[in-house]
Amino acid sequence: MHTTLRALTAAGAVALLALTGCSSSGGADAETGGETPASAEGWPRTIVHDAGETEIPDEPLTIVSTSVTLTGSLLAIDAPVTASAATGVGPITDDQGFFRQWADVAADRGVEVLYPDLTLDLEAVELAEPDLIVGSSIGADATAEAYDQLSEIAPTIMIDYGTHDWREILDQLGEATGHEAEAGRTLDDFDAWVAEQAADLEPVAGPVTALSYNGADPSMIFEPNSSQAELLTALGFEYAGAPDEVVAEHRSDASSVTPENLPTALGDKSALFMVSIERDGVDGVTSDPLLANARAVADDTVVPLGATSFRIDPYSARLLVEAVVEAFGSSR
């Protein structure tokens, strides 16, 4: 498990892209005092991504996102995203289908709905006249099957956000958009803020875990390599995933555990951090007779992380940290 946030960023950038950062634009020319053209350094550039390689000829000025999951990361690095796919309206979205952790930012920047309900509309993408398309290769918002068609409209990159964590994704998007400096500042500022929050915390002694509780169905326990675990570790908690002997199925960042094995997986955990939309799973866990003897249930340390904590981006990462501080801060 990574012990520092910046170390994870450095390692993640290699694992995700095998790319190096390139300065792209914006600095004053030392001799002329004018602006350095974007094409003078780093453009065109070839981006290695989860669907192959894409050459981007110039720094993008009009970006559309076919992945509502990735739009928050684009906004966080101030990339010029003009339109984004929207999911169905629900408890974690605004009334357009944008995730509520960044919906206000999108509104302030005039980001339009590219198409609703994650139903790919190639005509809408073409009408947006993008010079870069950002999409996902996995999940409900995946558009990998249309990669060739999208690439005919504009240079397109696909990101597997299940394999790569939010910090790695930020580095990749910074490289692809020419906003690597903004990505670096976003991560540095976040790290400094997390360090301040950690100084105000009183973590419980003993291992903790992050859980998506599913009642009679298998529940998901987030692995030590997950973004949720990374954030909890940075805040000073001792993180532990599910023991191998009780895991029904491993995923990239989480493992499923059947109800009969859940008491073994959770019994010794000092705190359970709940990742769920419905009441954050707290009521389900505390009322489950199989978990009545779990340490966290007895100690009343079953903690909701909020509905935005399932898929981490720079905005939901901050909300997760704030939820932990509310539960374990010295001023609580």
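Guide: A contact here means heavy atoms within 4.5 Å of each other. The model is predicted: local features need pLDDT of at least 70, and side-chain atom pairs count only at pLDDT 80 or more, whereas totals for chains, interfaces and linings use all residues. Residues are numbered from 1 along each chain as its sequence is written, and side-chain values use heavy atoms, with hydrogens and water left out.

The part to examine is the surroundings of F237. Leaving aside residues up to four places away in sequence, F237 touches L201, P203, V204, V208, L232, F273, V324 and F328. F237 is placed in the loop between helix 8 (227-234) and strand 10 (238-239). Helices (H or I, at least four residues) and strands (E, at least two) are DSSP runs, numbered from the N terminus.

Helix 8 is mostly covered, with 7 of its 8 residues buried; buried means under 20% relative accessible area, exposed means over 50%, and partly exposed lies in between (1.4 Å probe, protein chains only). The buried residues of helix 8 are S227, Q228, A229, E230, L231, L232 and T233. Just after helix 8, G236 takes a positive phi of about 105°.

Rings of Phe, Tyr and Trp (its six-membered ring) pair if their centres lie within 6.5 Å; planes under 30 degrees apart count as stacked, over 60 as edge-to-face and the rest as tilted. The centres of the F237 and F273 rings are 5.3 Å apart and the planes stand at 80°, so this pair is edge-to-face. F273 belongs to strand 13 (residues 271-274), and the pair links distant parts of the chain, 36 residues apart. Both F237 and F273 are buried.

F237 pairs with F328 too: the ring centres are 5.3 Å apart and the planes are at 70°, so this pair is also edge-to-face. F328 lies in helix 12 (residues 314-328), and the two partners are 91 residues apart. F328, like F237, is buried.

A nonpolar core is a set of buried Ala, Val, Leu, Ile, Met, Phe, Trp, Tyr and Cys residues joined through side-chain atoms within 4.5 Å. The largest such core has 60 residues, and F237, F273 and V324 touch the most other members. Helix 12 supplies the largest share of this core, 8 residues. A second, separate core of 19 residues includes A242, L262, L272 and A296. In soluble globular proteins, nonpolar side chains tend to be buried together.

The whole chain gives the setting. Its secondary structure comes to 12 helices and 14 strands, and buried residues make up 51% of its 332 residues. Among contacts with a separation of 6 or more, 66% join residues 24 or more positions apart. Elsewhere, the C-alpha atoms of I92 and T308, 216 residues apart along the chain, are separated by 6.6 Å. I92 lies in the loop between strand 4 (81-84) and helix 3 (103-108), and at 21% relative accessibility I92 counts as partly exposed.
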